[in-house]
Amino acid sequence: MMRLTSLGHAAVLIETGERRILVDPWLTQRLDRFWEHHPALPDGLLDVLDGGVDHIVFSHHHFDHHHFPSLARILEDSEVDFDDSPHRAPDTDCVFPVGPVPPRFTGSGLGHQAIEWTLRRLGFERLTPVTPGSTLRVGDTVLHTFVSDVTFPEMSILVQSGEASVMLCGDAILHESTVRHFARPDAPRIDVAFVPAHSMSPPGVLTERRPLADTESVRARAVANFDRYVTTLNAGLTVPSSFGWKVSGDGDRDYSWCNRTIFPLTPYQALGRLRELSKDGLLWGPGQIIEVADGRAELHNGPHAPKGYDFEAVYAEVSLDEATGVPPFTPERDRHGRQTRSAEDLLADLMERLVGTDFWYRAIDSGATHTISLHEVRDECGDEDGGEGSGATRSHLLDPVTGRVVRLGPGPARQHLTQDTGYTEIAASTLQALLDSELLYGSSYGLWASNSNLLSAVFHQPVHYTRHVDQVLGRPGDG
């Protein structure tokens, strides 16, 4: 029998006859200042990890699948004797995707090449890099990996033991090679498939605070992608998955509008779609268990799970609603941290870090400039808020070719555009938190408005991620 325990979102503990395999661990209730598990993790759930795991498998490097605070947490073993080392890292094998794509500094969410650095930084010693599309054996279990149709290393994993065959797709985008593989007459039978209900957000809602538009085509695209996954894998049981979070900003900032504007296909809606396709499906939540044997799968409530979930109510909170308004970006409120550095200093720092990014190279080729505005609430005395609504917004022109920063005048960036160039609007305190590595890029969701990848180019670089990890773990980085 293969036993699968949901740890929320895409995190799954797989127990076979010989091995305990943990997939995509995000094990804290909050991911960062903006995301949290939905449904919430039950108290005591992580007791299932007592005694350790043999393998940790990462489908890709994004923070909700490769979460270093969770990795640091599971290293500690509460059952060891006082004189023994509590660290399990030397005994745990970590499996993660690599190449053949060359390293990319932008566009791939904090840099896939940082996975190995993170694992070594935390003390893991047994590392198994895998090229998606290859196969490896771990004890009594075989892991077949499949390529994702993205520009960075990502994989879905088919886990096969003598008694069960389970496919975990994570966030992977279905690749043509996977379609061809499962169209072969000798394709493996899948007992259970965890298929992503991808949240293909309507364009510009978060990045530019645009109102919802053309929602039906967005829904249709999400349903078509889900349908193709389901028909390609043709599993005995399909579980709509990798959708276990919602937006909830910290403090008194209300970002609930995000949950009504960025998720065109929820797992509950995907379950309804499975019924329309005459496919067997179910939903599961944190703490619930699926046992698979002899081609059959049964759902159970674990010792720390609630007595079932009301999934209709759970996913109603994160369902697309055309009537939901998208509030304008207001840096007086949509900000983080405290500003103690001047705008000129912050922008000079930003320009220095921009050098060498793909944004910088494209600007050199085109001669393009960029308009950015900073809302300043400077308070050297330590009051983070500095008075809600106080402060001033000033715009600047950035010229990546010459490295110059030119002050344009008061008001947000969009008031100073004279041609079709990029713009960014952000609070100075947020930019400082990013530059000082206090805020990870993924944590900054919704904290600026832009029609450009200027900030993405800078803060998706692995060097920014590694600075942040070192700061959180208490060791200053070199930079």
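## Briefing: a buried strand and its surroundings

Strand E10 (residues 155-160) is largely enclosed by the rest of the structure, because five of its six residues are buried (under 20% relative accessible area; exposed is over 50%, partly exposed in between, with a 1.4 Å probe and protein chains only). This is a predicted model: local features need pLDDT of at least 70, side-chain atom pairs count only at pLDDT 80 or more, and totals for chains, interfaces and linings use all residues. Residues are numbered from 1 along each chain as its sequence is written, and side-chain values use heavy atoms, with hydrogens and water left out. Helices (H or I, at least four residues) and strands (E, at least two) are DSSP runs, numbered from the N terminus.

**The sheet around E10**

- Six strands form an open sheet in the order E8-E9-E10-E11-E12-E13, with mixed pairing (two strands pair if DSSP finds at least two bridges between them).
- Strand E8 (135-138) and strand E13 (237-241) are the edge strands, each pairing on one side only.
- On average, neighbouring strands of this sheet are turned by 20 degrees against each other, direction ignored.
- E10 pairs with strand E9 (residues 141-147) in the antiparallel sense, over six bridges.
- E10 is also joined to strand E11 (residues 165-168), by four antiparallel bridges.
- Ile157 of E10 is the bridge partner of Thr145, and Leu168 in E11 is the bridge partner of Ile157.
- A hairpin of four residues connects E10 to E11.
- E8 and E9 run antiparallel, joined by four bridges.

**Helix packing**

- Helix H3 (residues 176-183) and helix H4 (residues 215-233) have axes that come within 9 Å and cross at roughly 35 degrees (axes are lines fitted to C-alpha atoms, for helices over the stretch in contact, and angles run from 0 to 180 degrees between N-to-C directions).
- Glu176, Thr178, Val179 and Phe182 in H3 meet Arg228, Thr232 and Leu233 in H4 (contact means heavy atoms within 4.5 Å).
- By class, this contact of H3 with H4 has three nonpolar, two polar and two charged residues (Ala, Val, Leu, Ile, Met, Phe, Trp, Tyr, Cys and Pro count as nonpolar, Asp, Glu, Lys and Arg as charged, and the others, Gly among them, as polar).

**Cavities**

- There are four cavities of 30 Å³ or more (on a 1 Å grid over the protein atoms alone, a cavity is a set of points where a 1.4 Å probe fits but cannot get out; lining residues have an atom within 4 Å of a point).
- The largest cavity has a volume of about 120 Å³ (grid points are joined across faces, edges and corners, and a volume is the space filled by probe spheres set on the points).
- Its lining has 17 residues, with His9, Phe243, Gly244, Trp284 and Tyr315 nearest the centre.
- That lining divides into eight nonpolar, nine polar and no charged residues.
- The second largest cavity holds about 110 Å³ of space.
- Of the 16 residues lining the second largest cavity, Ala10, Leu168, Gly170, Ser241 and Ser242 are closest to its centre.

**Backbone details**

- His38 and Pro39 are joined by a cis peptide bond, with omega about 5 degrees.
- Pro39 lies in the loop between strand E4 (35-37) and strand E5 (55-57).
- Asp24, not a glycine, has a positive phi near 50 degrees.
- Asp24 counts as buried because its relative accessibility is 2%.
- Asp294 also has a positive phi, about 55 degrees, although it is not a glycine.
- Asp294 counts as exposed, at 72% relative accessibility.

How values were computed. On a 1 Å grid over the protein atoms alone, a cavity is a set of points where a 1.4 Å probe fits but cannot get out, and a pocket is an open set with protein on both sides within 12 Å along at least five of seven lines; lining residues have an atom within 4 Å of a point.
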